[in-house]
Amino acid sequence: MPPRFEPVIIGFLCNWCSYTGADLAGVARLQYPPNLRPIRVMCTGMVHPDLVMEAFSQGADGVMIMGCHPGECHYLEGNTKAVVRAEVISIILRDIGVDPCRFELKWISSAEGSVFAELITDFTMRMQKLGPHKVNP
Amino acid sequence: MPIKIAGESLNACSGCEISILDMGERLLTLLEFATIVHLPLLMDSKHCDRKNNPQTVKLPKADVGLISGNIKTKENLELAQAMRDSCDFIIAFGTCATHGGIPALANSYQSDDLLGHCFNTVGTDKADSLPSDAVPGLMDVCYALDEHIRVDVCLPGCPPHPDHIFRALQSIEKKESFSLPEKSVCDNCPASRDGKGQVKTLKRALELPQWRVFDDTKEGFKCFLEQGFLCMGPVTRDGCGGDTDQARCIMAQVPCRGCYGPVKKEGNQRLAMLNALASNDIDISSLPETLSMLRFSGGHGLLRPLPRIKESE
C-alpha cells in the first residue's frame, strides 16, 4: 500500500482569536492532523493575497486563513477586509489554474478549540482527497 | 575599446528600438563608448546568411545583447538562445521581454482558437490547412524572455525610457551596478490624494476625468482612483517618465495603464490591483472584466486560457 499523501497546509491565524483557539485545542489535548503549519499574524486583514499566492507557488497544498468572527475583530473591521481579499484570492486562483477549494477563510473564536480541531481535520482530509497541488501545471 | 552592442527583436513591435534613437544627443555619447554590431531594426544586418545558409542563425559576438519582444514562435526561441550564446550580457529590453507585454494577452486563448481566428474568419473561405512550410512553428504560449534564457538585466517599459537605456549601457561600460527604482507610479504621481474617499464602483472610461477639480488654494488635480477611474498606478513600476519627469500618461491626463509591469519583478498586477480595490470597499464585481489588468504582464503563466481546470464539487 502506498504511503498516505500528507498535504502541506499553511494557516494564517489571527493573534487574538484563532491562534488562541488553536492554543486551546492544544491545551485541551484535542486530536487533529499535524499537517497545518500555523503562522501567527496580528489580524486576518493584514494577510496580503501575495502571501497566499507565494504559499501556493512554494508548494503548499492548501492555505487557510483563520480569524475572529465577523463583528468581533480586535481591530474592528480587519476581518471584513479579509473577506473581500479572500474573494480576490479565489478569482485569481481559479485563473492561474489552482483549484479554489484549496483556499479557505474560516472564523474561530478563542473559545472554539474543538471547532478548530474539527476544521483542520476536515480540511486535511479534503486536501488528501484532492491530492498534491502541482506548481505551474 | 568600445563595448559591442547587439540587438535582436523577437515577437516585438520595434518601439523599443525607436526608444534607443530617442536618446537625443546622448546617442552620440553612446556611440563614443559603444559600437552597435548587429541590430536588424536599425541597421542592415541579418541574423543569418540569407544567400548561402538561410537556415543557420549566425550572430556576431557582442558584450551586450538587447533583446526586445517575447517568445511566441520556435524561431523566437532559437534566436533568443543564439543571442544568449553570443552575448556576455543579456538585457531583457522592454516589457514584452521582461513580463510578456501586450502580445502575451494571447495567452488567454488556446493556440487553436488563435489560429482559427486568424485563418478562418467569418468572411473568408475556409482554409484547407494552416501554413506549415517557411513559417516558424508556434509555441504553446507567449513566454517572457527569462522563462527560457538567463537574463542579466531587466529593463521594463513600453518602451523603456531612453534615460534608463542610456544609464544601463553606460553602467555596463563602466562596470558599475545598475538598478531601476522599485517604486510605484503613485510614489511619484503629481495628483493630490485626500484619503480613501467614498468611491464604491468604478466608472467606465467613457467620461473624462476632471483635470483641475480644486480651487486656487489647492494646486494640482485629484487622484484618478479617488475620482473613480481605474488607474494602474499603485501596482505599476515607476519610471516611464525617465529619471526626471513624472509618469507620462498621468501628465497627459490619462490614468496609468501599467506599462512598466509590476513593482516587484515577480508581482502580479491583477492580483495586487484587485486587492487594492477590494480592500478599499470598491465592488470588484462591478468591473466588466479584469484580465486586462495583466495587459502588460501576462507572461510567466499569469494569463491562461479559460476554462482551465475542472472545479471539484
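In this predicted model, A:Pro2 is exposed, because 4 other C-beta atoms lie within 10 Å of its own and the cut-off for an exposed residue is 12 or fewer. The residue sits in the segment that precedes S1 of chain A. Its C-alpha atom is separated by 35 Å from that of A:Pro49, a residue 47 positions away along the chain.

Four strands make up an open sheet with parallel pairing, and their order is S2-S1-S3-S4. S2 and strand S4 (103–107) of chain A are the edge strands, each pairing on one side only. On average, neighbouring strands of the sheet are turned by 20° against each other, direction ignored. Within the sheet, strand S1 (residues 9–14) and strand S2 (residues 36–41) of chain A are joined by six bridges in the parallel sense.

Helix H1 (residues 18–27) of chain A belongs, together with S1(A) and S2(A), to a right-handed β-α-β unit. H1(A) is mostly covered, with seven of its ten residues buried. The buried residues of H1(A) are A:Ser18, A:Tyr19, A:Thr20, A:Gly21, A:Ala22, A:Leu24 and A:Ala25. Their cover includes the strands S1, S2 and S3 as well as helix H4 (113–130) of chain A. Just after H1(A), the backbone of A:Arg29 takes a positive phi of about 55°.

Another helix of chain A, H3(A), lies across strand S3 (62–67) and S4 of the chain and runs at about 165° to S4(A). The loop between S3 and H3 of chain A holds A:Leu76, a residue other than glycine whose phi is positive, near 75°. A:Leu76 counts as exposed because it has 11 C-beta neighbours inside 10 Å, and 12 or fewer is the limit for that class.

The largest nonpolar core has 115 residues, and the members that touch the most others are A:Cys14, B:Ile67, B:Ile91 and B:Ala92. Helix H3 (residues 78–95) of chain A gives the largest share of this core, seven residues. Why does the core lie between domain 1 and domain 2 of chain B? Domain 1 (3–118 + 130–173) and domain 2 (182–302) both contribute residues to the core, so the core lies between them.

Across their boundary, 23 residues of domain 1 are in contact with 16 residues of domain 2. On the side of domain 1 that touches domain 2, the elements giving two or more residues are helix H4 (95–99), strand S6 (138–143) and helix H6 (162–173) of chain B.

Strand S1 (residues 3–9) of chain B is mostly covered, as five of its seven residues are buried. S1(B) pairs in the parallel sense with strand S2 (residues 34–38) of chain B over four bridges, and with strand S3 (residues 62–68) of chain B over five bridges. B:Ile5 takes part in both pairings: its bridge partner in S2(B) is B:Ile36, and in S3(B) its partner is B:Val64.

The peptide bond from B:Cys158 to B:Pro159 is cis, with omega near -5°. B:Pro159 is found in the loop between strand S7 (153–155) and H6 of chain B. The other feature concerns B:Gln253, which has a positive phi of about 65° although it is not a glycine. B:Gln253 lies in the loop between helix H8 (248–251) and helix H9 (269–279) of chain B. Is B:Gln253 buried or exposed? B:Gln253 is exposed, because 12 other C-beta atoms lie within 10 Å of its own and the class includes residues with 12 or fewer.

Technical notes
Residues are numbered from 1 along each chain as its sequence is written. Chains are lettered from A and ligands numbered from 1 in the order in which they are written. This is a predicted model: local features need pLDDT of at least 70, side-chain atom pairs count only at pLDDT 80 or more; totals for chains, interfaces and linings use all residues. A nonpolar core is a set of buried Ala, Val, Leu, Ile, Met, Phe, Trp, Tyr and Cys residues joined through C-beta atoms within 7 Å. A residue is buried if 20 or more other C-beta atoms lie within 10 Å of its own, exposed if 12 or fewer, and partly exposed in between; C-beta atoms are placed from the backbone. Domain bounds come from an automatic or database domain assignment. Two strands pair if DSSP finds at least two bridges between them. A crossover is right-handed if, with the strands pointing away from the viewer, the path from the first strand over the helix to the second runs clockwise. Axes are lines fitted to C-alpha atoms, for helices over the stretch in contact, and angles run from 0 to 180 degrees between N-to-C directions. Two residues are in contact if their C-beta atoms, placed from the backbone, lie within 7 Å.
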